[in-house]
Structures are given as structure tokens and as C-alpha cells.
Amino acid sequence: MHFSSCLYALLVALVYQVSGMDTVIGLYGETVEVPCNNGAPKPKDLFITKWKYDNGDLLTQLKDQDASVIATDKYKDRVSMAENSSLLIAAATLKDEKTFTCMVVAGADISEYPVKLLIHKAPTGVEITALATELEIGKPTQLGQCSTPDAHPAANITWFKNKKPLVAGEKGIIISSKVKVDEVTGLTTTSSTLQYTAEKGDTGALFTCGALNALSSPVSFTVTYPTERVSLHVISKGPLMEGDNVTLKCKADGNPPPTSFNFHVQGEVVKVENSDSYTVTDVTRDSTGEYKCSIIDNAKMEDSKNITINYLDMSLSPSGKVLKSVGESLALTLQTDASGELKVSWTKDNGKLDKRPKFDKLTYSDSGKYEVVVTMGALIKKASFELVVEGIPVIRRLAKQRGEDGQHKVLTCEAEGSPKPTVAWSVNGTSADESPYVNGKISHKLTIVPTVNLTVVCTVSNELGQDTRAINVLTLFEEVRMDKQDDGDMTKLVVGVIVGLLLATVVVGLAYWLYMKKSKQGSWKTGEKEDGSTEESKKLEEKIEEKLEENSQKVEV
């Protein structure tokens, strides 16, 4: 009785303290730790710690002793106590979702700390099944079903298009979900079905679904829609020329696109199957015109293109090698026919000419190779001829001069002719020098030292004929003498000129005197006074005498 009374008194003296309830989330299949007093340090006067739940006690631990498992149910082999008095539950299941209480007796206090345990499990995967084979524009179609099996709590599934979430109820989007619970494990499988109305822009779009930060593999669908427009394309690397092959390509915007087309080529309809292209080979200028293509099952759905075939014709007369004689004329004719604007340029011996050559009277300088280039865009035509102007050689100049040292004579023979003339002299000399043969002209110099007076002949010749000219060449001594004689002859010439001038003056004066004398006779007959006339006559005679005296002095000089 005494012991019972003491125990009762002790229990009455204890004050029970119950804390607010905490919640702990554990992972399915893992060891779950349920903290006592939210993990607070053990009190210094700790006497006993005990864990329990609604159906009974689990384990206890006296101060400084090991914990003792007192559970006899399913927790017998699954519970233990950590160093900090936390409850450890191995291989957690959904059946472990309950409230566990930690009771702590310290001194005269008894405290309880209830903890609610929740068990979570992520789905084993996220995948899309029951995929649609294709999506048709404007037609609601079940795109697929997204599943998240073995989850707890049930997963919320979100659908995405190109990483953007789809919202149920928006245009063309219907999403329905259902949850199934496994009777054994209690885990759930959530299924979400997406019904989607596709648009043309959905071609190539990527659809995914996800839950709890897990995403399915992306899927895409073939979006089908009828052809609304046809376009014709001309495949060419540049402007079309005669002789090219032209490929016509017909494109339709439907999906899948048509595989057969009608091509309208110069009034004819060509049916092409299993291809969208048709090639017109070796086109000509007559191929210029309108080309069309259309789909076979709808001839009104067509497109057309105007195609222009560029061409350039050119003829040049003369051509090849042309032989003409110097002084003749040459008619030059260039005929062109083209589909566009032309540019014409001429060259002679690869040098550019400013204008078209004209040959009214041929000279040796006209010889050369002429080429005309006619261009129209990228199209180029060329033609050429070689003009050779021939003529019998003609000596244009035969001259002599004394050498710079005064000890020899230099003879120069200049000639024209074609083919190139050969120059020959009738005498031998030294330092023969021949200039380059340019434009039918040639110059040949010969240095000689004449010891006697000579007549030197220069002869120029080619296969057409020859020309000869002679020049007198004096010895150096004779030339000096002739120079002095020439100086005397010049003096005589000057004197002769002066005498001539004097005689002319006398004649003029005499004529004037006779005229005045005759005038006097006329005045007698008319009764005029003679004084004025006589005075004028005297003045005239004085002037004549002065003029004669002046000319006489010039002659003496």
C-alpha cells in the first residue's frame, strides 16, 4: 500500500506538456527519420524517452542505456532510435502515414511531441502513349495519353508545345485526366489525354508532358492540310541562253504535297508523275513565252511564269586574212541580231580602238589583226580578220649629211612598201644602220668616206617591185671648195638683186616724168597756168635724182 501510494503521489505530481504537432515527409521505400522535439538537445535531467503511436508503444530508452524495442507488430523489426532520440523507420510504406509521439520524462516533467509522418513517391516515369498518326488542320484529334505510374500523392500532369504549357479550355485544347490507385501499394497512376486541333504552323512542333519536374520525351506529328497555293519556279544559274536546259519546278503548299503535276509548255500539256519538276532541253529563241504548272486534280490551282530566251547573232565581213594594195578601199560590214541592248568594242593587235575602223584609202599603217567583241549581258560573241596592206616599195627621201666629226658622209634612204623592202646601195660603206620596220616604213643609213666624187644609188625592192634613186656625193675637199664658191655666188646674187632694184626705180621715174609732161601739154590746150605744173615737175625731178643717187650708193656697197 505504501508503494502504491507513493507511485500515485508521484504521478499526480507530474505535469504533462504536449507540444504542437510537426509534419515530416519521408520517401517511399527509404529509411525515415522522425525527430523528437524537432531535434532539440536532450535535457540534462532526462530520465526516460519513449516512442509510441495510436496502436501501442514502439520503444523506450532510459538515460545512459540502449533503447529497447517493445513493439510486437509490423514495426518490431523496422524501428530504432537515433543518438539524438529520433525515431528511425526502415522501408517506409504508405501504411506508415500516421502520427508518432515522442514522450520525454525529465525531472518532474513529462513532455510529448507528436509528429505527423507523410510518405511521398515520385512517379517511376513520364511517357506519352497512344500517339496519333497525324494531325489534320482544323480537325480535333486525340494527340496522345500521358501517364505517371506509381506516384504518391497523385501527380499533376502538364502538357507542353515547344516548351510552352498548354492550358485546357483555350482554342483547340481539351485536356482530361484520371487517377487510378493500386489496391496493394496504395500508389497512384495519373493519366492525362490531350485532344488538339492543329494549325498549319504546328508542322514540326514538339509536344511533351511532365509532372514533378520530370518530362517525357518530346514527340512530333505530321500535320496534314490540303493544297491552297501552287507556285512555279524556273531553275537557272543565270539569264537563259539559246542551247540551255530549263528546269521548271512546281511547288504546292499542301501536306503531304502533291506528287504529280501538269506542265503547260508552249501550248502542250505534259503530265509528270512522282515528280515536281520538268526540264525543257536545248531551248531556242522560239522557246520564249508563258509556262504554267497545275495540280492534276484541280486545274484551276495553277501558276505561270514568262520565260525569255536570250540570243545574239553576229556576222563580220571580211574575215580571215585579207590582202589589199595600198591606196585601195575596204568595205567593213558588221551585222547583229539580239534580244537585248548590245555593246560593241573593237581592238587592233590587242589594243583598244576608240571607234569602228574605216578604210577609205588604205595605208601601210592599217595592217594588223582586227577583232570585234559584241556583248549582251553575259552573252559574248567575237569575230576577227587580219588585214595585210601591200605595195611596191617607194623611196620617199634620199639625203646626205656630213658626219659629226667632219671626216665622213652619212647617206639616208627612207622608203615605204610591203612586204618589207630590202635596201641596197651601189657603194660599200660602214656602220650600216636599219630602223625597225613599222607601218610599212623603213630607214637605212650608210656611212662612207668618199675619195672621189660619186653618184650613189639606193635601191629598195620586195616581191612586188622596186624603186631606185641616185644622189651625188662629193669628196670632203671638193665639198669645202664648193662651199666657198657658193659664198661668192651668193655675193653676186645680192649685187644683181640691187642693180635690178635700181633699174626698176629708173623705169618708174621715167614713166612718171612722161606722164607729167603729157599733162602739161593738156593744160596748154585748156589755157591753164603753167607755174604750178612747172614747180611740181621740178620737185619730181629732184626726188628722182635723190633716188638714183641712193641706189648708186647701194650698188657700191
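In the hairpin of β31 and β32, 2 residues lie between the strands, and Asp349 takes a positive phi near 50 degrees. Strands here, like helices, are DSSP runs numbered from the N terminus (strands E, at least two residues; helices H or I, at least four). This is a predicted model, in which local features need pLDDT of at least 70 and side-chain atom pairs count only at pLDDT 80 or more, while totals for chains, interfaces and linings use all residues. Residues are numbered from 1 along each chain as its sequence is written, and side-chain values use heavy atoms, with hydrogens and water left out.

**Strand pairs**

Two strands pair if DSSP finds at least two bridges between them. β31 has two antiparallel pairings listed below, one with β32 and one with β33. The table also gives the pairing of β23 with β24.

| Strand | Partner | Sense | Bridges |
|---|---|---|---|
| β31 (residues 343-348) | β33 (residues 368-376) | antiparallel | 6 bridges |
| β31 | β32 (residues 351-352) | antiparallel | 2 bridges |
| β23 (residues 260-265) | β24 | antiparallel | 6 bridges |

Lys343 has Thr375 in β33 as its bridge partner, and Lys348 stands opposite Gly351 in β32. Val265 stands opposite Glu268 in β24.

**An open sheet**

β23 and β24 belong to an open sheet of 4 strands in the order β24-β23-β26-β27, with antiparallel pairing. Its edge strands, β24 (268-273) and β27 (298-307), each pair on one side only. On average, neighbouring strands of this sheet are turned by 25 degrees against each other, direction ignored; the axes are lines fitted to C-alpha atoms, and angles run from 0 to 180 degrees between N-to-C directions.

**Thr412**

Thr412 is found in strand β35 (residues 409-418). The residue is buried, with a relative accessible area of 9%; buried means under 20%, exposed over 50%, and partly exposed in between, with a 1.4 Å probe and protein chains only. Leaving out residues up to four places away in sequence, Thr412 touches Arg397, Leu398, Ala399, Trp425, Ser443, His444 and Lys445. Contact means heavy atoms within 4.5 Å.

**The chain overall**

The chain has 3 helices and 40 strands. Of its 557 residues, 34% count as buried. Among contacts in the chain with a separation of 6 or more, 59% come from residues 24 or more positions apart. The accessible surface comes to about 34300 Å², and carbon and sulfur atoms hold 51% of that area; the areas come from the Shrake-Rupley method with a 1.4 Å probe.
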